[in-house]
Amino acid sequence: MTQKEWPLWEVFIRSKQGLDHKHVGSLHAADAEMAIQNARDVYTRRLEGVSIWVVESTNVHASNPDDAAAFYEPANDKIYRHPTFYQVPDSIKHM
Amino acid sequence: MMTDSTMPAQAPAAAPSETQAQLFPFVLQLADTSLILAHRLSEWCGHGPILEQDLAMANIALDFLGEARSYYQYAAELEGKGRTEDDLAYLRSAVEYRNPLLVEQPNGDFAVTIVRQFIYDCFHYHLLLQLKSGPDAQLAAIAEKSVKEAAYHIKWSSEWVIRLGDGTEESRRRVEKAIGNLWRYSGELTTPSATEQALQAAGLVPDYAAIQQQMAAHIARVFEEATLAVPEGVFMQKGGKDGRHTEHLGYLLAELQYMQRTYPGLEW
Amino acid sequence: METLELTQEEQFQARIDADVRIEPKDWMPDAYRKTLIRQISQHAHSELVGMLPEGNWITRAPSLKRKSILLAKVQDEAGHGLYLYSAAETLGASRDQMLADLHSGKAKYSSIFNYPTLSWADMGCVGWLVDGAAILNQVPLCRTSYGPYARAMVRVCKEESFHQRQGFEIMQTLCEGSPEQKAMAQEGLNRWWWPTLMMFGPKDSESPNTAQSMNWRIKRFTNDELRQKFVDMMVPQAEFLGLTVPDPNLKWNEAKQGYDFGDVDWEEFWNVVKGNGMCNKERLQARVQAHEEGAWVREAALAHAEKRKQREAVAA
């Protein structure tokens, strides 16, 4: 196979106003404009979206799963960051 | 509740007025045109150059099919003889079909399909813009819905013309050949038939001179970016809108109408 | 080194047993990766090739409504193929390579698509029976251990239920129609029933990879379990339609609360798998042709994108 493949793009869709864009999958396209149109044709055939982002897959940098312990576990013992850590007297409202 | 009707909802239908009824052949022409083009595009399904474009072409085909159904349903209403959308689509012969010649041309390679689509999209989009604010409320409602689809189509086909024109040697050769073969069918779109002339005189159908200018401007812009030349001095074929078709339509209808012709009068 | 590897594999299995999804960058055994790529790409190929037998009838659909539905349905299959290729690509397989494997005959796809579609009733049968069988296979895969595959399957299953319903509706319309239409429906069922049962794959006793796949949770029921489920599900539906399932050995078994049914013609099954089905050659040829004839289009789009990039770089 001598011919180069169209680059791969990651697709993110906002399903309705007020929500975040969410990753839905990927597709191939020759350029960004085509990637957006392809995303529209592939991933919004049933009114699934109101806005589309595409990112060329090679531009996505991901954290390493091996770092998971170092990255996420230190947050475990910081329970004082959560509101439920604090006791509020019953008579206090709106807090 | 989903209904089968693809016509945009309008005020409760009174019997069409006499003025409205005159629109029947024009609405039928629009219906035939959208159906035939949808049919051609649907022939690509499963055979596209890449999966992503297979989906794109099927989407466009579905848009045209939906639009065709709206026009047929409205045409049936205007005619008032109890014929249905399917009667109109499946039980009329080639000489009764009113689509312009361009849309019945075979798919050929991807370049032919793109050029055919591009030329028609240029006309279609600008026509719908006019119909949308035209005097007939039902036609305006259908156009209002369809013009959004057409805006996408014209973007899609324009970009492909540019890619193919300004792509590789081969794509350029193919797209030039396609333009050379199809250009002769472009004039018919904006050359009014006798029926259209009468309706234009009555103010029911928009003037084509303005549409032709808009078309030409868009084509010039896209061809320039595609580094393609707009053909000049081409003899323009016509006749489709009067039922005089190229030989391709007969075969297309034989396939399209096969079931209804083989098993008349049944529900499917 | 050896012990470390073992630990990783054990950890991996422990995560799977705890129903924790595996994601693309997580460590996974090579065999898991390879098996998944094979399974997902095979599934993607089935969607792609599966467009052809139904695509056949888009131009001949008997009403405008049916034409729209069928086109939308076949288009969905293209979408499903795409979701699945995209899931396989997260494992490091390239679409080009997967397609090359399909075209060379190295990769398989579902044998059901090597049967011809001969009448309009076949559109009903494919939707009702074939998609019905596919759904049974696919619903459990929404909980499969590999995240991107599971997510793709959730999308697929959501869309697939429309497919089965439209198929059933076609059958119902035929069965409530003229005697000619009813006969068309029965003839379709006669041809599609057995090939559909074959879709679940060889008997458990002849499916050596099942145990490992179940362990990895990339397969959640055995072939025979699914086949039984399918028969139990479909027979009452056929009865509702007033159609006869073409199996003289079909009989309700009160004790097992399921149907007993006849044996699939395994010789036919293996023949079609080996490439000797009615349409194996045509299907593959159609795919190869589309791909080859599309090469210049894909090339042109790339070349144009490249030119544009360069122009923008100069302008900047």
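Predicted model: local features only at pLDDT ≥ 70, side-chain atom pairs only at ≥ 80, totals over all residues.
Where the domains of chain C meet, 16 residues of domain 1 are in contact with 10 residues of domain 2, and together the two domains bury about 1100 Å², 65% of it on carbon and sulfur atoms. Of the area that domain 1 buries against domain 2, C:Leu52, C:His103 and C:Asn114 supply 49%, more than any other three residues. Between these domains the rule finds 0 salt bridges, while 3 residue pairs are counted in polar contact. Helix 2 (30–55) and helix 4 (95–104) of chain C are the elements that give two or more residues to the domain 1 side, and by class that side has 10 nonpolar, 5 polar and 1 charged residues.

Between chains A and B, 12 residues of chain A are in contact with 12 residues of chain B, and the two chains bury about 1200 Å² between them, 52% of it on carbon and sulfur atoms. On the chain A side, A:Gln37, A:Arg40 and A:Asp41 lose the most area to chain B, together 43% of what that side buries. The rule finds 2 salt bridges across this interface, and B:Arg163 and A:Asp31 meet through their side chains in a salt bridge at 3.4 Å, N to O. There are also 8 residue pairs in polar contact between chain A and chain B. Strand 2 (21–28) and helix 1 (32–43) of chain A each give two or more residues to the side that touches chain B, with helix 1 giving the most, 7 residues. By class, this side of chain A has 4 nonpolar, 3 polar and 5 charged residues.

How values were computed
Residues numbered from 1 in each chain as written. Chains lettered and ligands numbered in written order. Heavy atoms only, no water. Contact = heavy atoms within 4.5 Å. Buried area = accessible area lost by both parts, 1.4 Å probe. Salt bridge = Lys/Arg side-chain N within 4 Å of Asp/Glu carboxyl O. Polar contact = N/O pair within 3.5 Å; in protein donor to acceptor, adjacent residues only side chain to side chain. Helix = DSSP H or I, 4+ residues; strand = E, 2+ residues; numbered from the N terminus. Nonpolar A, V, L, I, M, F, W, Y, C, P; charged D, E, K, R; others polar.
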